[in-house]
Amino acid sequence: MSFTLHGIGVSPGIAIGVARLASHSRIEVAHYVLSQQHLDKETARFDDAIATVRNEMETLRTQIPLNAPAELPAFLDMHLMILNDSMLSEVPKQLIRSQQCNAEWALTQQMEHLVAQFEEIEDVYLRERKTDVVQVVERVLKVLLGHPDNLPSTESNLADCILVAHDLSPADMIGFKRQQFAAFVTDVGGSTSHTAILARSLNISSVMALHNAHTLIRDNEIIIVDGEQGVVIVDPDDAELEEYQLRQHQWQIEHQKLKRLTTSRAATLDGVEIELHANIELPQDVLSVKESGATGIGLFRSEFLFMNRADLPTEEEQFEAYREVAAAMQGMPVTIRTLDVGADKPLGGLTQHTLNPALGRRAIRLCLAESALFHTQLRALLRASHYGKVKILIPMLSNLVELRLTYAAIERAKASLTADSIPFDSGVEVGGMIEIPAAALMAGAFAERLDFLSIGTNDLIQYTLAIDRADDGVAYLYDPTHPAVLQLISITLRAGEKAGKPVSVCGEMAGDPKLTRLLIGLGLRRFSMQPASLLSVKQQVLKTHIGNNVNMTQKILKASDAEKMEGFLIRLNQ
Ligand code: PEP
Ligand code: MG
């Protein structure tokens, strides 16, 4: 019987497909009953897989670069310890024999059992170690299945499959860039969590915060996902299917029509040029940047190069990735943000599990503490600046000391390249992200010392309103048009104007066409967003007359009643 679930629509579009439930491990495992005479062979196969993974990890352990952070060996040691624990390396063999099942099935059963035990632990840090168990199990499963990567393997066409998960990490999502599902739905998550941002970058409809989709939906059930309305219909009847097929078709037509705007100049009706740049996570995203007609990359989230791997990318690997993007953009600006890990983007042993990770050692704080890691990245970035218009963007600045230390690190990287006779753009621009209220309030001081500013509204809203951006429990309070947020954006824009330094918005607000007019009215002239949103925003720019909006924008800026904001916005957008 058909039923409907309501959540937060985080990536628009309508998908109709077959549900694929993600287990704790995202690797699909089949169940076989084996005959008695095959059990020895199966346990030997399991032992071989454990030995292979052990070898892999031990080799990795010996190859850790000298400049790697101190936590990395500890992280690998922990994974080796988990692998060698009899709960993982012995108990599955008992299951193979007692249940006469295949090794993959036995291992997954044991993993679920261990995860359930971890989930009962009160200590947050220890509880989170279940992730390490899952990661180790996935490594073994990959060997057992002979898979080169850790994504669900399936004989069916993934384009028809809708992934239903309790939760997906940004690292999972980045993996999905290589295997496209029709849609994603999850029980938890907020609309500006990095997982949601990545769903938008994949241009795949997605609904989050459904609370119990993972328990209510069964594998292989037909489901409809409406990523605009945040609705999921399970086991739809014929009338619902027909209605949504029609809506899907209309959505595709609208989308197609927008493509006509790809090459048109983004200017308002009163002739003001608006720069529309794109956000990317991996070099391969440049393709969609080109298709969107973006005139530059306003945010390359470099941290995704560091995910889904046990080691850190070398200077050479990073250089290649940055150079590839810089060269592909053919002289258009490419703004690369230095490593921004922590909070909802943990990175192996590098980030710490503290009580408030969003307020902890993340982004530039972590880079300044891990000077070798930062030096490697800065050298790679500077080297790439020789091959295109690379700009360096520093995340999470909160005071001028951090800025001074960052400049000193950049100078050291430049000096070392000069000593090695390696070319780089000596005039490479350095910008800072304004994502902490303190930074917005002193945007003038930052603007004087930097070449440009970029407002990270995702974090700025999170820190201004004290709302965890990834927590759906408080998602109703996450309000981009809260008067305090608009004030901080306005202060930053005015500071940039006064200092004669460009300011962009690269948070998700920039990609919301409902906010385009308001942001332009506040003085924003440079937007950076997921490529999939760019043409809708351009359409809005083309319909905007700045002069006609001055009064309403001022009214909005002076408003202190968040509840009236929606009405004001509707009027502004008419
Ligand atoms: C932001 O905070 O708005 C931003 C662009 O950075 P991220 O979403 O990666 O934290
Ligand atoms: Mg941010």
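Thr457 is buried, at a relative accessible area of 0%; buried means under 20%, exposed over 50% and partly exposed in between, using a 1.4 Å probe and protein chains only. Thr457 sits in helix α19. Helices here are DSSP runs of H or I of at least four residues, and strands are E runs of at least two, numbered from the N terminus. Leaving out residues up to four places away in sequence, Thr457 touches Tyr478, Ile489, Val505, Gly507, Glu508 and Met509, where contact means heavy atoms within 4.5 Å.

A word on the basis. This is a predicted model, in which local features need pLDDT of at least 70 and side-chain atom pairs count only at pLDDT 80 or more, while totals for chains, interfaces and linings use all residues. Residues are numbered from 1 along each chain as its sequence is written, chains are lettered from A and ligands numbered from 1 in the order in which they are written, and side-chain values use heavy atoms, with hydrogens and water left out.

Next, the metal. The magnesium ion, ligand 2, has Glu435 (OE) and Asp459 (OD) as its protein donors, 2.0 to 2.2 Å away. Donors are N, O and S atoms within 2.8 Å of the metal, or 3.2 Å for Na, K and Ca; water is not among the atoms, so sites may look incomplete. Glu435 lies in the loop between β13 (429-434) and α17 (437-441), and Asp459 in helix α19 (residues 457-465), 24 residues apart.

By contrast, Thr62, in helix α1 (residues 39-62), counts as exposed at 65% relative accessibility.
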